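This report describes one protein chain in plain terms. Look at the sequence and the structure first, then read on.

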Amino acid sequence: MAQPLINGKAYSWSQVEIRFSNISTPLNGVSKIEYSDEQKTEFNYGAGNFPVSRGFGNVESEAKITLHMEDIEDIRSNIPSGRLQDLGEFDVIVSYLHPVAARVVTHVIKNCYISNNGVEVSQDDMMIEKELELNPSHIQWNDSNIIGLGN
């Protein structure tokens, strides 16, 4: 159940910290992160016209992150080939700090693999950034084993 906001403050982008598990410092050049999972469900029928149970299929997860070129090049500098696909698997740790309640919520996007690489830049761009496909195995939506922001 949602609680009334105190002083009108809620979770916001300024309270988000994003880290790759194989990089010790938070990523500062993140302009967007998107992740979700979906599970196929369907009704099972028996006698009569109505379902008698529900069946559950696989959980499929997906994630994308948009990084500034500075962060991408920092990551590339640690990969001998320079190809982001050669980074290997890593977790993406996303922590949200509520500004009033001081409550940290952490989601872990597990076993990510970057499947694309490249640069997109156009005339008069003030900043260069790239959306990367992360291809996770699954998402831990409530990870109590991760220490919160600043640790």
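Arg19 stands opposite Ile93 in β4. This is a predicted model, in which local features need pLDDT of at least 70 and side-chain atom pairs count only at pLDDT 80 or more, while totals for chains, interfaces and linings use all residues. Residues are numbered from 1 along each chain as its sequence is written, and side-chain values use heavy atoms, with hydrogens and water left out.

β1 and β4 pair in the antiparallel sense over 5 bridges; two strands pair if DSSP finds at least two bridges between them. Strand β5 (residues 104-112) also runs antiparallel to β4, and 7 bridges join the two. One of these links has Tyr96 with Val105 in β5 as its bridge partner. Strand β4 (residues 90-97) is mostly covered, with 6 of its 8 residues buried. Buried means under 20% relative accessible area, exposed means over 50%, and partly exposed lies in between (1.4 Å probe, protein chains only).

## The chain as a whole

The protein chain has 1 helix and 7 strands, in the order β-β-β-α-β-β-β-β from the N terminus. Helices (H or I, at least four residues) and strands (E, at least two) are DSSP runs, numbered from the N terminus. Of the 151 residues in the protein chain, 32% are buried. Among contacts between residues at least 6 apart in sequence, 62% join residues at least 24 apart; contact means heavy atoms within 4.5 Å.

Which residues of helix α1 are buried? In α1 (residues 69-76) they are Asp71, Ile72, Ile75 and Arg76. They lie on the same side of α1, because they cover an arc of only 140° around the axis, taken from the directions from the helix axis to the C-beta atoms. These buried residues pack against β1 (16-20), β2 (30-45), β3 (51-68) and β6 (129-133).

Rolling a probe the size of a water molecule over the atoms shows where empty space is left. A search of the whole structure finds 2 cavities of 30 Å³ or more. A cavity is a set of points, on a 1 Å grid over the protein atoms alone, where a 1.4 Å probe fits but cannot get out; lining residues have an atom within 4 Å of a point. Grid points are joined across faces, edges and corners, and a volume is the space filled by probe spheres set on the points. The largest cavity holds about 40 Å³ of space. The elements that give two or more residues to its lining are α1 and β6, and α1 gives the most, with 4 residues. Among the lining residues are Met69, Gly118 and Lys130.

## Three single residues

Thr41 is found in strand β2. Leaving aside its neighbours within four places in sequence, Thr41 is in contact with Arg54, Gly55 and Phe56. Thr41 and Val59 are 18 residues apart in sequence and 9.9 Å apart in space, C-alpha to C-alpha.

Asp124 lies in the loop between β5 and β6, and its phi is near 70°, a positive value in a residue other than glycine. Asn135 is in the loop between β6 and β7 (138-140); phi of Asn135 is near 45°, also positive in a residue other than glycine.

The table lists how accessible these residues are.

| Residue | Relative accessible area | Class |
|---|---|---|
| Thr41 | 40% | partly exposed |
| Asp124 | 55% | exposed |
| Asn135 | 40% | partly exposed |

Technical notes. On a 1 Å grid over the protein atoms alone, a cavity is a set of points where a 1.4 Å probe fits but cannot get out, and a pocket is an open set with protein on both sides within 12 Å along at least five of seven lines; lining residues have an atom within 4 Å of a point.
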